Amino acid sequence: MKKQVCMMMAAVMAAAALTGCSGGTKGTAAATEAETTQATATAAETEAETSAVETTAARAGESTEILVAAAASLKNAYEDELIPMFQEQYPGVTVKGTYDSSGKLQTQIEEGLEADVFMSAAAKQMTALDEEGMIESDTITSLLENKIVLIVPAGSSAGIEKFEDIEKAETIALGDPASVPAGQYAEEALTSLGIWDKIQDKVSFGTNVTEVLNQVAASSADAGIVYATDAASMADKVEVVAEAPEGSLAKKVIYPVAVVKNTAHSEEAKNFVEFLKTDEAMKVFEEYGFTKGE
């Protein structure tokens, strides 16, 4: 009997041992599974963080492009000096310029040109776009002033010595007043002097002020009216006879600049406008013959 009891106790102990071993195995497996799950979650989090960092870095390396629609008389100053200067200060921004008469640029913006900044050679075009709700009104700045001048080909012997002498020219180049501010100023000045109607049969109208300048520089026209800055850019090919007489223009020749309202790059566009106001940018404008606006 005693032997049987001992055998039964041994069996119970063995069973208990086996049960303990079984429970320990399950516990170990559960712990291992939990650790694996935690490791997987940590790896996922690390991967997400790495992806976020890579995305931010990629974005930081992207270049934003803005389009500046500017009067033709600004092209040299912009392309040769100002745009490179701005891009050096803002390496993540690329600036492209499109240049033409202010009236044409106004129409293009009205028709959907995705310009970010607009700079015209007269207040008229800027005001029109502003009234149509297409300009960020609080960014409009009367940045520059220019002068209207009468020019003749270098070495001309036509005897044109003052603004009123434009009547002596057999061929005259002017900007089209319908879209070219320089042409509008020319019409205003010549009308106030009583000359406009007298010269109509001699005039060929250019689609922008650069065309007028080139016609006179090539001696295709005996005289023309352009901005002082344009004449300065071809000082070896044209001669400035005179500025528009005092009182012949009702207002100064002002170049306003502003951010276009529907720009997709508002911050970059505003930075460009602010850059144009700086002393270093103004110094460049002055080198090209402009003076500071109002």
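Is Glu 145 buried or exposed? Glu 145 is buried, with a relative accessible area of 11%, where buried means under 20% relative accessible area, exposed over 50%, and partly exposed in between (1.4 Å probe, protein chains only). The model is predicted, so local features need pLDDT of at least 70 and side-chain atom pairs count only at pLDDT 80 or more, while totals for chains, interfaces and linings use all residues. Residues are numbered from 1 along each chain as its sequence is written, and side-chain values use heavy atoms, with hydrogens and water left out.

The side chain of Glu 145 meets that of Lys 147 in a salt bridge (3.2 Å, N to O), a term for a side-chain nitrogen of Lys or Arg within 4 Å of a carboxyl oxygen of Asp or Glu. Lys 147, at 36% relative accessibility, is partly exposed. By this rule there are four salt bridges, including one between Asp 165 and Lys 168, whose closest N and O atoms are 3.8 Å apart. Asp 165 is buried at 6%, whereas Lys 168 is partly exposed at 49%, and a network of salt bridges links Lys 162, Asp 165 and Lys 168.
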